Amino acid sequence: MSRDFWRAFANNYGAVIGLALLLAVVLMAAFADVIYPRSPWSMVTTPFQPPLSDDVLLGSDTLGRDIAAGIVHGSRVSLLIGLTSSAVALFIGVTLGALAGYFGGWVDDAIMRFTELFQTIPNFVLAVVLVAIFTPSIGSLVAAIAIVSWPPLARLARGEFLSLRSREFVLAAVTTGQSTTRIILREILPNSLSPIIVAASLTVATAILLESALSFLGLGDPNMMSWGYMIGASRTVIRQAWWMSFFPGIAILITVLAINLVGEGLNDALNPKLARKGRGR
Amino acid sequence: MKTVSVDSVSYQLKGSNWWARATAACLLALGSGALFSTSAVADEPQHGGTLNVILDPEPPMLILGINQQAPTQLVAGKMYESLLRYDFELEPMPSLASEWEISDDGLTYTFHLQEGVTWHDGEPFTSHDVVFTATEFLPETHPRASSNFRRLESVTAPDDHTVVFQLDEAYPAFILAFEVASFPIMPAHIYEGTDFTDNEMNDHPIGTGPFKFERWSRGDYVQLTAYEDYWQDGKPYLDQIYFRLIPDAASRALALETQQVDISSFNNIEPFDVPRLEQLPHLEVITEGYEIAAPLSWIEINHRVEPLDDPRFRQAMMYALDREFIRDNIFMGLGRVPTGPINTVTIEYTDEVHIYEHDPDRAMELMDEMGLEPDGNGVRAEVELLPLPYGETFIRLAEYTREALGQVGIRVRMRSTDSAGWAQRVADWEYELTNNFVYQYGHPALGVSRTYICDNIRQGVLFSNTMGYCNEEVDDLFARAAVENDPDERAALYAKVQQILVEELPVIWLLEMEFPTIVNTRVRNATTTAIGVADTFADTWIEQ
């Protein structure tokens, strides 16, 4: 299984490149304090230094902060928020989706109406409102992003559960008298995991974008340096100092692209039939 | 110029830099392919034309006697007038009063009103309107009226064109209380005997000014047209003024760039856009015209919190901040580094005080003295900062403050709020540090003492003494200075109080803010007085 998986994954060159890039970002986040021991907020040089100046590789911002230090430390916030909020969204989404799909009937109706309620409100607007209400902090950002990200995961999980629950192996488990919890967790969930993992990986990318957008609007955690914040703070001087918003933008682009490529690779590796069909078209 | 009013003469003198403008206009004409005809050099006011002015945010109403927020002033200042105006040195100039006398004991102010003034509905303007405004209207509606008129014993009208204000003690600041936002004359024939805030004419302002109300398309524009029977013959020069509501800062800058609007004021344009706009040949940046407002920006400190109650700690914070860096890199050079509580352009300012230079070592010495030793992370104290939610500039300021204080071992936590939350927290004393700026209205008795006197520690009231600073000597000096009629004595009292305040630092003064008025060069005389863009625009004209 695992060898097949890797072979399928490695067949997709994009996915390998994505994985390499993602690994680089992860390393950057892990060793941020080693690469730039000083706080990314500290004003280390004169403001408005262009890239490749003496002491700052990617230039300095309007207050003389090092852009490169901001990017390295910002990767932590992006990954942290991307991963935790996706995990929370995954938990909510899969739980609700599994219940709806497994039990059907009024449970399904109730949960799906509830999900639709969230889906009818534009994602981003809801996130802005939530963060504004709970005052911007890392916790409220994670919560807000998770709350707007779970509905697609719930629908996906419900679909998988609906189709699997009438299959023979599930019926067999029911007949042998296994408990509902056990059937859901041990029988159906493992078999529906592949598409959910793929969707979750894309949720991480969306979460990073959402965090950047919120920070761009000044709704980020005011004590944490993030890429979106860097772009938002320097968009006002973009005509005089392109580098202040350009490099963080590139960082977001690369990270999100990497995650998307990895997600696609996972898709290919986990759902080989689907993938082949997709390419044949 | 046909008119003979005193102010128009003084304008002509002030306008003596005409050659500079003419040269600029010539250069502009050359630069833009001789788009402008040679009439550009003429300095004779021309009649006609429509002026477009940026208005942001939308004012709640246009009745200046009831609401005096900056956007209201900008529009209503063209429709309403007061008795006086003030030049850039805050010397009074005629407006609805043609002449005035102050008795030697400083107790009697006699104003002689202009003749032939009518309200926009044709009714004659008389001394009765002034008495009504001073005794009935403003005391009920104007937040600063009670302090401005506190020493007022009576207001009487011996005849239709004379008004006498009698004070019960000398109050030299009183002569500065007749600017249009402090004392807009309201029409007695409309408001007398009615509920002022609920009058049906509140949707249709009636004043004596050079422009009358035409229409207000909510969310879009306010249109004023020239009042044909204005008391200054031949004025106004403009046919109409449109106040355009443009809620987005970037769009406002663009509107100036593309010449869709002619004038921006106050903080319409973010400081970082100003250097760029200044480079454009068709725009001119004027920083005069805010002498009445004279905003002073500071870090407000809650003295109820340790260690902020210790003057040495406040001094340490002052030494830790590089205020020139703040001015140059956050406010893009707009403003002056203050020396104390009174703005340089405000009356009774002195520079004979201790000057705080940027000196982080001194800051750490002071904290050592207090026994605030750095812990393992180099942290000596921790404070919370509530940034002022008024846009990018103040967020940058808060970030700078956090770093600068962090360097001397004061860890600053930032907490974000929206503007309603900010106002509520500061007014209710639920903050440690915040940024604030307050207008001074030309005189320390009008706009400075209120921040520092014990009497004004009022929970729930914004722009009061929200720090909780209280020093009886300061109270006494401010009280005596306000009623001291002898100029030398008064100056000495104000100098003393400034020295004490600079020593004790109730707040940390960061910047004497300068607002840029950005004007299209085709517009002349946009700013001629300390009232700036809130003035009438009676003398403003457009080069055709």
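Chain A and chain B bury about 1,700 Å² between them in this predicted model. Of that area, 53% lies on carbon and sulfur atoms. The size of an interface is often given in this way, as the accessible area lost when the parts come together. The contact draws on 21 residues from chain A and 19 residues from chain B. On the chain A side, M43(A), L63(A) and R239(A) lose the most area to chain B. Together they make up 29% of what that side buries.

Polar groups also meet here. Eight residue pairs are in polar contact across the interface of chain A and chain B. The count of salt bridges between the two chains is three. One salt bridge joins the side chains of E392(B) and R235(A), at 3.7 Å from N to O.

Now look at R276(B). This residue is found in helix α8 of chain B, which covers residues 274–279. Is R276(B) buried or exposed? Its relative accessible area is 16%. Buried means under 20%, so R276(B) counts as buried. Leaving aside neighbours within four places in sequence, R276(B) is in contact with R239(A), Q240(A), A253(B) and E257(B). With E257(B), the side chain of R276(B) makes a polar contact of 3.0 Å.

Next comes helix α10 of chain B, residues 323–330. Six of its eight residues are buried, so the helix is largely enclosed by the rest of the structure. The buried ones are R323(B), F325(B), I326(B), R327(B), N329(B) and I330(B). What covers them? The cover includes α9 (311–320), β14 (335–336), α12 (392–407) and β18 (508–513), all of chain B. At the N-terminal end, D322(B) caps α10(B). A side-chain oxygen of D322(B) lies 3.2 Å from the backbone nitrogen of E324(B). Just after the helix, M332(B) takes a positive phi of about 50°.

Finally, turn to a sheet in chain B. Strands of a sheet pair through backbone hydrogen bonds, either parallel or antiparallel. This open sheet has four strands in the order β4-β5-β7-β6, with antiparallel pairing. Its edge strands are β4 (97–102) and β6 (152–159), and each pairs on one side only. Neighbouring strands are turned by 15° against each other on average, direction ignored. β6(B) pairs with β7(B), residues 162–167, over five bridges. In this pair, D159(B) stands opposite T162(B). Helix α4 of chain B, residues 127–141, packs on the sheet. It touches β5, β6 and β7 of chain B, and the direction of α4(B) makes about 165° with that of β6(B).

Conventions: Residues numbered from 1 in each chain as written. Chains lettered and ligands numbered in written order. Predicted model: local features only at pLDDT ≥ 70, side-chain atom pairs only at ≥ 80, totals over all residues. Heavy atoms only, no water. Buried < 20%, exposed > 50% of the residue type's maximum accessible area, 1.4 Å probe, protein only. Helix = DSSP H or I, 4+ residues; strand = E, 2+ residues; numbered from the N terminus. Contact = heavy atoms within 4.5 Å. Polar contact = N/O pair within 3.5 Å; in protein donor to acceptor, adjacent residues only side chain to side chain. Pairing = 2+ DSSP bridges. Axes fitted to C-alpha atoms, helices over the stretch in contact; angles between N-to-C directions. Buried area = accessible area lost by both parts, 1.4 Å probe. Salt bridge = Lys/Arg side-chain N within 4 Å of Asp/Glu carboxyl O.
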